[in-house]
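Hello,

Here is the structure I promised to pass on. Please open it first, then read my notes below.

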Protein chains: 2
Amino acid sequence: MERILLQLSYNGADFQGFQIQNEGRTVQYELERILKRMHKDFIRIHPSSRTDKGVHALMQYVHFDTTLSLPTNKWQHAFNSALPDDIYINEVTKINADFHSRYDCVGKAYRYKVYKAPHRDVLKRGIETHITETLDTRKMNEAAQYFIGTHDFTSFCSAKTEIENKERTMYKFEVIETDTGYEFFVIGSGFLYNMVRIMVHFLMDVGRGKRQGSEIPAIIAASDRTKAGKTAPAEGLYLEKIYLSPEELTQDIPKGTTITLKPTRRQLTQQS
Amino acid sequence: MERILLQLSYNGADFQGFQIQNEGRTVQYELERILKRMHKDFIRIHPSSRTDKGVHALMQYVHFDTTLSLPTNKWQHAFNSALPDDIYINEVTKINADFHSRYDCVGKAYRYKVYKAPHRDVLKRGIETHITETLDTRKMNEAAQYFIGTHDFTSFCSAKTEIENKERTMYKFEVIETDTGYEFFVIGSGFLYNMVRIMVHFLMDVGRGKRQGSEIPAIIAASDRTKAGKTAPAEGLYLEKIYLSPEELTQDIPKGTTITLKPTRRQLTQQS
């Protein structure tokens, strides 16, 4: 028995999200369908993160266990030749049996993309969020820093979130003005249901002058979803990076930041 | 009775083409559906160009006749608020009753977009064509010039083309190297079924060193579709501009080029 780790990308526009649902296409279904055909048996995959309907991933990990003995390049080819054109396997690694794509994940980076134009652009449909107005980048950046650190993010996640511990650590949050609009880039220990989209919507309201960054501490303290405003649309959101080791994470966050770790698990071992 | 001209854009990825088919979504259906609801009656629309399945339009025109008397901004709002997010009406104009979006079209510009990357990019799915190899831009540009002028393009259109007169004039053809790949930009009096995609595929083969630009005159002379090679995928193709007057066309093509016109029709009159 071998444990295989896939690193993949997908375009979320035509998926009902990562996880299998009663209806509609999901990334999990597409992957498990191929594994079932190869094994003549059901094989469960385990992702690092369950992205929502419409959310994209530039880097996602899943692992599974197999009785097949194939070199990594054959695995990659088997998937990519059978997958639809909105999923792509970037890398295949053989990993130790005690590695787990979710439990060994120590952090994630998300990017949210907004384009500013008088009219919506049909070619950006499903892959960026449209706004018509100019936002104040400096104010948004200042406001974003209030999220840094360890907080209970009850106010900034969907009221439907079932997970009990809503404490997460934000390591880095920056708002970037691009040629065509704005990008919101955040690295954290983990994110609750809709959390990035609610934080981004709040920051855009700051950029429009409707809210103040200095309100954030009180909103966090209130532990009340209704205080934080709406949720930005899914189409602008990209899971950009998943950190499977503290070393990788350390490289991408400000020097001297303390990393919040779950009970340490064995490091990822590459055997090719 | 008023004649209304719409200028629109659409993302072709999820359409079976412009024209109504027995099955699947079409741009024509989406527009006529809205007109039917507004008029309680069937209203036929007439496009400047019928794009194929998967082909995008940055600028397309359609006209229709209506008994409703609405200002142009109300028409625009009525469409844009009811259309799906892969079609957008950029502009609405009231035109003379003898103007016709197809017969008064004197030229069209198409762009074909190719990205070069070791792996396919799921975020470019449906909107650009993927290649892995470097192409010779200079050779492709030189070859493209063989298409300039008036020729019978039987060899460079689908064998299924039903139209009898296959003579068309190419005014400008350039191949541009971009940050991420290549673009093929062509302006002509008109284009036959699959014609841009067959010319682009041939030019890419020139860029790969498989074919020579100097073969083009003999291929044109042969009037034989089998001589020209394959058809590039639809997803990279954009109808970029439609010329409704010789004046507009003249501005975009090399100075001194003679324009081939159909029997002249009345000019577009803007009354807003």
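**Where the two domains meet**

One salt bridge is found across the interface of domain 1 of chain A and domain 2 of chain A. Keep in mind that this is a predicted model.

Which side chains meet in a salt bridge? They are those of A:Asp52 and A:Arg197, at 3.9 Å from N to O. The cut-off is 4 Å, so this pair counts.

The interface also has 7 residue pairs in polar contact. On the side of domain 1 of chain A that touches domain 2 of chain A, strand β3 of chain A gives the most, with 6 residues. This strand covers residues 56–66. By type, that side of domain 1 of chain A has 7 nonpolar, 7 polar and 2 charged residues.

Now step back to the whole chain. Domain 1 of chain A covers 2–95, and domain 2 covers 107–252. Their centres, taken over C-alpha atoms, are 27 Å apart. In contact are 16 residues of domain 1 of chain A and 16 residues of domain 2 of chain A.

How is the size of an interface often given? As the accessible area lost when the parts come together. Between domain 1 and domain 2 of chain A, the buried area is about 1300 Å². Carbon and sulfur atoms give 61% of that area. In domain 1 of chain A, the residues that lose the most area to domain 2 of chain A are A:His56, A:Leu58 and A:Met59. Together they make up 41% of what that side buries.

Best wishes

Definitions and conventions:
Residues numbered from 1 in each chain as written. Chains lettered and ligands numbered in written order. Predicted model: local features only at pLDDT ≥ 70, side-chain atom pairs only at ≥ 80, totals over all residues. Heavy atoms only, no water. Domains from an automatic or database assignment. Contact = heavy atoms within 4.5 Å. Buried area = accessible area lost by both parts, 1.4 Å probe. Polar contact = N/O pair within 3.5 Å; in protein donor to acceptor, adjacent residues only side chain to side chain. Helix = DSSP H or I, 4+ residues; strand = E, 2+ residues; numbered from the N terminus. Nonpolar A, V, L, I, M, F, W, Y, C, P; charged D, E, K, R; others polar.
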